[in-house]
Each structure stands twice: as C-alpha cells, then as structure tokens.
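Work through the exercises below with the sequence and the model open. Each task is followed by a solution in steps.

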Amino acid sequence: MGITRKRLIGMVRNEQTTLALLAVVIGLAAALGCIALRYAISGTQYVSWGMAGERLASHVAELSWWVILMVPTLGGLAVGLLRRYVASDRRFHAVADVVEASALRGGRVGVRDGLVAAAGSALSLGVGGSAGREGPAVHLGAMFSSLLAQRFGLQRSATMTLLGCGVASAVATSFNAPIAGVFFALEVVVGHYGLTAFAPVVLASVVGTIVTRIHYGDFPAFIMEAHVLVSFWEIPAFAMLGIVAAGVAWVFMYGITLVQDAVAHWKIPIVAATMGGGLLVGLIALVLPEVLGVGYEATDLALHGSLGFALMVALVLGKIVATSITLGSGFGGGVFSPSLFVGAMLGGAFGMVAVSLGPESASPHTAYAIVGMAAVAGAVLGAPISTILIVFELTANFDLTIAVMIGAALASLVTNHVLGRSFFRWSLERRGIDLSGGRARQLLSARSVASVMTSSYASLNPGDDLSAIRTALIRNPEGNFVVLDDDGALVGVVTMEDLKPWLLGERTDDKPPTAREVCHGLVRTLIPGDNLKTALDAMAQSDDSFLPVMKNNEDPDIAGILTQSAMLMAHNRALADAAEDRD
C-alpha cells in the first residue's frame, strides 16, 4: 500500500509542500557535506602541517623554512595530479560554474565535478593554499540539489529552486548565517526573489543553520565587542573607504586573471603550474605566514585590533598576491574568505589613519575593519545585499548598519562601473559565456543555430533572368532566395523587397535584370556553431527575414538558412522558460 515512485514523482512536480520537504532534505545534505568538507580540510592540514584548526599562521611561524616551502610545493604536486588525471575538464569547478548551471544548464551540476572540486579544495586549503572554503561548499550544496532534482525528474523551475536551497544551506552552514544564506542564493544563483522559491530556500537555510549550531555551537564566527557609529561626520570617511575598497577589489580580481593568463600564455603544464604556485606561496609565507589557508586567524586579530598598521598593509598586498598565485596556478578554493581577509586588513589600516586625523569623532579602527570586509567582499562577489548580511551575522555588529551599507554599496557601484560584473561573471566571460541581457538571452546562448536552422532553402543562379525568378517564386512564394555560383559559393541573397520594383512594374528597364543584379550582399552570415543570441543580434543588424548559415568560417558553401520566424519561435520559447523559472 506504499506510495509508488510514479505517484511520488507526481507529488514532487505538483505540490509546493513536497518541494518544501525536499528543501529540508537538501538543507540537511548540504550542511553535512559542508561539515565533511571542513573535516577534510582539517585532516589534510593535520597531515601536512602537524596541526588542525584556525590558528595555522601561529603554528607555521614556528616551523623551519624548508618545511614552509616543502608543504605547499608537494601539495601543489598532489593538486596538479588530481586536476590532470581526475577532473573532467582538468580544472576544479566553483561558484561561477553554479551560476552558469543556473543560467544555462537548467540547474544541473555534475556529481563528479562536485566531488572532485570538494576534494581538490580540501587538498589545496589543507596544504596552505591561499583561498576560501565557502566557494567549494556552495558548489557541493548545488551538487546535492542537482542530484536530487534529477533523481525525481523535476521540472526546470523546481530544479532551480532546489539549486537555491543547496546554495543557501551551504552558505548558512559555512558562516552560521541563515539570513545571508537565503539572500546569497537568491541574489547570486537563482537570480530572482519569487515567492515560490523563497519559502523552500528559507527552509534549507534554516536547516543548515540548525545543523551548524548543533555541531559547532551558537555563536558568530568572529566574537568581538559591539561597535557604534561615534559621529555622522564619519560618513565621508566610510564612503572613502568604500571607494578605496573598490580599487583593491579590482586589483584582487585582476591579479587572479593575470596569473591565469600567464600560465596559459607560457603553456605551463598543469602539475608544474600548481607546484610552482605552491612554492611561491611558501616563499610569501616565510615572511607572512598569515596568508596561508583560509586566514581566519589573522582576520580575527584585525577585528580585535591586535595588528599594527604596517603589518595590515603588508597583509593586504601579501594576501592578494598569494591568492592570485593560488587560484591562478590551478589550486582549488574560493574567493570569499580571502576577500574578507583583505577587507579587514584594508579597513583596519584605513581606520588607523582616520582615527589619527580625528580621534575624538572617529570610531575605533576595528569598526572600519568590519566595513572594509563588507566593501571588498561585496565588490568581489557582486552581491552587496547578502555580503552586508554575512558581515553582520559573522560579527554580530548591527549598530554599524549605516557605515557597512555605505561602504559596501559604493564599493559595488564603483566596481560595476569599471568592470560591469562580479568576479564570477568575469570568470565566465573569460570562458566565452556572457550572462548579460536577462534570462531569455541566457537561454538563447545555450542553443546553437544548428538546432533551429533548416537545410531546405531556395536558390538561384547568378545568370537567372526575371522569367526564371518568377518561376522560382511559384515554388517559394516567400521570395527568399540564396544566389549561388557554379561552385556553390554564396553570391548574395534575394528577398521579396528586392523583387517588388520589378514585379509591380515600378521599374521597366530595357534589359531585364539577372539574379546577380537583383541580389544584395549581407552584413554578416552565421555558422552552425553560433548560438542563438549571436543569431538574434545578427538578425537585428539586418533588414532581411532570413540569414544564410555557412558550413564554417573558411568554407563558402552554404549549410542552410535561419529564418526570422524560426528565430522568433526560439526567442518566445526562451521567454516562456524564463517566466516559468520565476513562477
């Protein structure tokens, strides 16, 4: 008398309450996965460095120089081998891939990619790679969501909601921040705040938080005294910090891509790149051991005012360089924790200058460290709302609301003005994936011209006269022709607009025209591998109702045509799918 699988699938597809139950399952799975990831990092760190915990820098400072160089270098060897022989496309997937899955792949995240990314990140961070653990956790949560959605054959909108559930639980578990988990998932991954998605995402985030608090305890990641805004005259200082943070965030993001480009330009083998990256990070750690790993120890010291001005400035530069080398050379990990680290150091140093200029009307420099965290991280992630909430829940300092909001908003505004995108979208664009233009455009980008074009088309010879063209019109009343020479190469196209003056008697030249004389050239053509977004842009540039599709960029032979009606049907289908995702 039990519920059959078919009936259960039907309930999942049609019942919002069942989707909420699945959200609870996803929240639990993602939370346990994130905890397992942290244990994997700690275990690797214990094997590599002889200690497990957040105070890695203090421990490493007491080790011999050769150990500090050897551990990340040999760790780079292991990371490189994992990428070279296990990773499906020889790289570790991260948050950018979750964003891509949400936008273009219907929320589907590969199980192999998720497990390899988690293993690679645990290994990378355990041997001292300068990166964050939250990005891999998000990818792991998305993997669980995708796995469950595929298991029950969910429709696109339900799959997208569950993807947000996995991400929300992962963020909530990583930071003990349930509110931030919800808004990060909706702001960065799902891309909207639809009511049908909101409730399940909230449930998943709450479940992740409960699991975290049962396992680790109910307290913020950084325990510190409460701060208040001493004077509203400080607002310009916090605004200036936001602008400076935007510049630092740009350097941070550009540094990672610079190293990636250098590795690609010099064609450095994967294993050599990761070993070399590990060695360089070890060299930096000889002077600044605080850059190793996640870096929460140094971040906590900055928030408590235990670091000097010169050291914090050095750590801003050191962490940016170390993280750029780590991620650029191919180690696994995310950018969230490093951006918090850099923001705390930048804010603390900036705050010392502000306090020295107006000691009686300035908040403690540790307050500026909190604002700096939100500013740099918000600019890097392109998610100022969720970043503000994460910083509040990490530090339990809600009295700095105005200052944090100003710093994060200005940093994000300036960064978007300069780059026009977050680090995640920048990473995707460097791989040729443009997510601008809305959900419908994203869906068009996921389909190729080959899937819509027709290989059936009407053609004319260049020498065909008006009589032959009239005969061809009987077979093709739309009046769309391609003109091909004897070798099959495209000469031009003929449309009804070209023929009207002759057919209506508006032109009565002594010598009737040939197809070569009637046809016109094209602004551009297409190839089957072009996506429909490219085709839509090309169609917008042309006044024609169809475009020829060539076999490839080198071969002048025609493979088919893409008509305006087929393009409109594909565009309308994309609009319908985009609307469905928000139901």
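**Exercise 1.** Is the crossing of α11 and α16 right-handed or left-handed?

Solution. The model is predicted: local features need pLDDT of at least 70, side-chain atom pairs count only at pLDDT 80 or more, and totals for chains, interfaces and linings use all residues. Residues are numbered from 1 along each chain as its sequence is written, and side-chain values use heavy atoms, without hydrogens and water.

Step 1. The crossing of α11 and α16 is right-handed (the near helix is turned clockwise from the far one; left-handed means anticlockwise by less than a right angle).

**Exercise 2.** Describe how α11 packs against α15.

Solution. Step 1. The axes of α11 and α15 (residues 336-357) lie 10 Å apart, at an angle of about 140°.

Step 1. The pair is therefore oblique.

Step 2. The crossing of α11 and α15 is right-handed.

**Exercise 3.** In what order do the strands of the open sheet run?

Solution. Step 1. The order is β1-β2-β3, with mixed pairing (two strands pair if DSSP finds at least two bridges between them).

Step 1. β1 (459-460) and β3 are at the edges with a single partner strand each, so one side of each has no neighbour in the sheet.

Step 2. β2 (residues 481-484) and β3 (residues 490-494) run antiparallel, joined by 4 bridges; L484 has L490 as its bridge partner in β3.

Step 3. 5 residues separate β2 and β3 in their hairpin, and G488 in the turn has a positive phi of about 85°.

Note on methods: Helices (H or I, at least four residues) and strands (E, at least two) are DSSP runs, numbered from the N terminus. Axes are lines fitted to C-alpha atoms, for helices over the stretch in contact, and angles run from 0 to 180 degrees between N-to-C directions. Angles under 35 degrees count as roughly parallel, over 145 as roughly antiparallel, 65 to 115 as roughly perpendicular and the rest as oblique.
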